[in-house]
Amino acid sequence: MSELVLQMKAINKYFGSSHVIKDVNMDIPKGAFVTFLGPSGCGKTTLLRMVAGFYEPDEGEILLNDKRIEKLPPYERNTAMVFQEYALFPHMSVFDNVAYGLNVKGVAKDEIKKRVTEALELMQLQGMENRFPNQMSGGQQQRVAVARALVMNPEVLLLDEPLSNLDAKLRETVRVELRQIQQKMGLSTIYVTHDQSEALSLSDLIVVLRKGVVHQIGNPQQIYFEPKTTFVADFIGTTNLILVKGTGKNTVAYGDAEVEVYKQTDKGQGYVLSIRPESAALSVEPQEGKTCLKGEITNKMFLGEKVRYFINDSLGKEWIVDMFDPGKEILSGQVYVCFADKKAWLIDEEVIDKEE
């Protein structure tokens, strides 16, 4: 038996003359929480709907537990989808909403009662069986929608931006609950969002998409600290993208400074370094053992737990540096931007040139 729950092989999708999904390949392990992440219009929901069966790929194969499903209708796939707008039936009680799919499948009444009760307990909805959707908060409605999906015992749970209608504080609470339930059940889950912090906090794997192209698949740490393209580096959080030249050694040159990198570079070849704001520091003097670049503070923002500084270096490049737990001391004037070489991640310019 394969350790993969879902495989996509050379998937392409067209809407008229628009090529919206471009040669997508991915393997999703069983029990993993996988997030499709990207800006609006990148193709993440289209990809999810092809797994659910609402769209059929024009080219390629989709395998669920080694069985091809790309031509099967949704009701013949053992997947369950939670929509952004929840899609609850307003005239049905919570119990009947959750039981709906089981009733359609002709499951025995005693089994329906048992499974619905278990799903409602899991989502902390005990005692609300007889309520109607309009008598519930947004967070409670969201739980009902998830319970309705879980009660079907799906092989893959599909979530299409299910938290986007909740306020920020409730979204964070429900996000934690979702992850706990997924881990408790060992349920293979695909989650669609454009929220980077949501993706980083929830996922075992993140699939970063742009204009129908997969730019990178990796765990949250790889996506954040080891981006394969400048799009991934810039889309996930904030970063400093520094244009540098290869030296023919395991270093790159930025002005008079040489930065050690993880591989040998081609002499004269263009590269980009990605350095996160929290991976650099400001100092009034150069720091031993670090690369330090002289610059001048042009702006700053006090954000409570940190101060975000904007610095122009001697080559005219603007840097962003976050200083945490700053106390009352705020720097100004001339400073050095210092970072450990291992905190600078190298991106090939050849990869950049091929970006969409």
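Is Thr35 buried or exposed, and what is its relative accessible area? Thr35 is buried, with a relative accessible area of 0%, where buried means under 20% relative accessible area, exposed over 50% and partly exposed in between, calculated with a 1.4 Å probe on protein chains only. The model is predicted, so that local features need pLDDT of at least 70 and side-chain atom pairs count only at pLDDT 80 or more, whereas totals for chains, interfaces and linings use all residues. Residues are numbered from 1 along each chain as its sequence is written, and side-chain values use heavy atoms, with hydrogens and water left out.

View 1. Not counting residues up to four places away in sequence, Thr35 touches Tyr191, Thr193, Ala199, Ser203, Leu205, Ile206 and Val207, contact being heavy atoms within 4.5 Å.

**View 2. The largest nonpolar core, with 35 residues.** Val98, Val116 and Leu157 have the most contacts inside this core, which is a set of buried Ala, Val, Leu, Ile, Met, Phe, Trp, Tyr and Cys residues joined through side-chain atoms within 4.5 Å. Two or more residues each come from β6 (79–82), α2 (94–104), α3 (109–122), α4 (138–150), β7 (156–160) and α5 (168–185), and α4 gives the most, with 6 residues. A second, separate core of 28 residues includes Val34, Ala52, Val156 and Leu158.

**View 3. Contacts of Val116.** With neighbours within four places in sequence left aside, Val116 is in contact with Phe95, Val98, Ala99, Leu102 and Val151.

**View 4. The largest pocket, with a volume of about 630 Å³.** Among the 21 residues of its lining, Thr79, Ala80, Met81, Gly101 and Met152 are the closest to the centre, and β6, α2 and α4 are the elements that give two or more residues to the lining. On a 1 Å grid over the protein atoms alone, a pocket is an open set of points where a 1.4 Å probe fits, with protein on both sides within 12 Å along at least five of seven lines, and lining residues have an atom within 4 Å of a point.

View 5. Lys211 is partly exposed, with a relative accessible area of 46%.

Terms used
Helix = DSSP H or I, 4+ residues; strand = E, 2+ residues; numbered from the N terminus. Points joined across faces, edges and corners; volume = space filled by probe spheres on them.
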